[in-house]
Amino acid sequence: MTRQDTPTRPAPRSKLRRALPLLVTAWLVLEIWLLVQVGSWLGGLTVVLLLIAGVLIGGSLIKRAGARALSAAFEQTRDPRPEQPQTGTSLTVLAGLLLILPGFLSDGLALTLLFPPTRALWRAAGRRAADKVLRSAATAGADPLADAMRLQEQLRIHRPDGKVIQGEVVEPGAGPAAGPQGPDTGYRPPLNG
């Protein structure tokens, strides 16, 4: 048997990828059970009206978040600043999608994405998860999600007007406590305004 004939084992799946089908199935079962329970308590017509209301509200949330993101993009092109205020459109769009999904668990989760105190918690959890993904995949090309997040970070730190801001790298041990250093006489390119 040559080297080409030996079968290669696929890369092992992460814990989340192994548990995801079970989690989705459990979520669907809970959604259906809750729909049946609420339907028996309030009546079938009321449940259908609540589901339709969720679809309409979710659609309007997505539409409003899209308009806000578009106006923020236009504002960014008119007045490029390195630090733009957060519009929160991604969490609003996710909340709208969850409201469109039939079920009351997804509606409850959507409400937590809309209220400011829980919205801040979700945003912080998302940042922690993103940092963990970036730290876990050290090599480029190992994880497509980590590669996309690295690209987004690189795009975020570059100024939209293309200007390069001159700076100086300061080594941690090169401060005044490290000893006397002479004047800095190295060449520096001129600053263009």
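User: Why is Leu16 called exposed?

Analyst: Leu16 has a relative accessible area of 56%. Exposed means over 50%, buried under 20%, and partly exposed in between (1.4 Å probe, protein chains only), so a residue above 50% is called exposed. The model is predicted: local features need pLDDT of at least 70, side-chain atom pairs count only at pLDDT 80 or more, and totals for chains, interfaces and linings use all residues. Residues are numbered from 1 along each chain as its sequence is written, and side-chain values use heavy atoms, with hydrogens and water left out.

User: Where is Leu16, and what surface patch is Leu16 part of?

Analyst: Leu16 sits in helix α1, which covers residues 15-42. Helices are DSSP runs of H or I with at least four residues, strands are E runs of at least two, and both are numbered from the N terminus. Together with Leu20, Leu23, Val24, Trp27 and Leu28, Leu16 makes a nonpolar surface patch of about 570 Å². Nonpolar side chains (Val, Leu, Ile, Met, Phe, Trp, Tyr) are joined within 5 Å, and like charges within 9 Å.

User: What makes up the largest nonpolar core?

Analyst: That core has seven residues: Leu61, Leu91, Ala95, Leu98, Leu99, Ala110 and Leu113. Two elements give two or more residues to this core, α3 (89-100) and α4 (104-114). The most come from α3, with four residues. A nonpolar core joins buried Ala, Val, Leu, Ile, Met, Phe, Trp, Tyr and Cys residues through side-chain atoms within 4.5 Å.

User: How do you know that Leu61 is buried?

Analyst: Its relative accessible area is 7%, and the limit for buried is under 20%, so Leu61 is on the buried side. Leu61 belongs to helix α2 (residues 44-78). Leaving aside neighbours within four places in sequence, Leu61 is in contact (heavy atoms within 4.5 Å) with Thr92, Gly96, Leu99 and Leu114.

User: Why does Leu91 count as buried?

Analyst: Leu91 has 12% relative accessibility, and therefore counts as buried, the limit being under 20%. Leu91 is in helix α3. Leu91 and Leu113 are 22 residues apart in sequence, and their C-alpha atoms are 6.2 Å apart in space. Beyond residues up to four places away in sequence, Leu91 touches Leu113, Arg119 and Arg123.

User: Is Thr92 buried or exposed, and what does the side chain of Thr92 make with that of Arg119?

Analyst: At a relative accessible area of 3%, Thr92 is buried. Thr92 lies in helix α3. The two side chains make a polar contact of 2.8 Å. A polar contact is a pair of N or O atoms within 3.5 Å; within protein, one must be able to donate a hydrogen and the other to accept it, and residues adjacent in sequence count only if both atoms are side-chain atoms. Not counting residues up to four places away in sequence, Thr92 touches Leu61, Ala65, Arg68, Leu114 and Arg119.

User: How do you know that Thr89 is buried?

Analyst: Thr89 has a relative accessible area of 16%, which is under 20%, so Thr89 is called buried. Thr89 is also in helix α3. Outside four places in sequence, Thr89 is in contact with Ala65, Arg68 and Ala69.

User: What does the secondary structure of the protein chain come to?

Analyst: The chain has six helices and zero strands. Of its 193 residues, 15% count as buried.

How values were computed. Patches are made of residues with over 30% relative accessible area and no salt bridge: like charges are joined within 9 Å, nonpolar side chains (Val, Leu, Ile, Met, Phe, Trp, Tyr) within 5 Å. Accessible areas come from the Shrake-Rupley method with a 1.4 Å probe; for residues, only the protein chains shown count as cover. A salt bridge is a side-chain nitrogen of Lys or Arg within 4 Å of a carboxyl oxygen of Asp or Glu.
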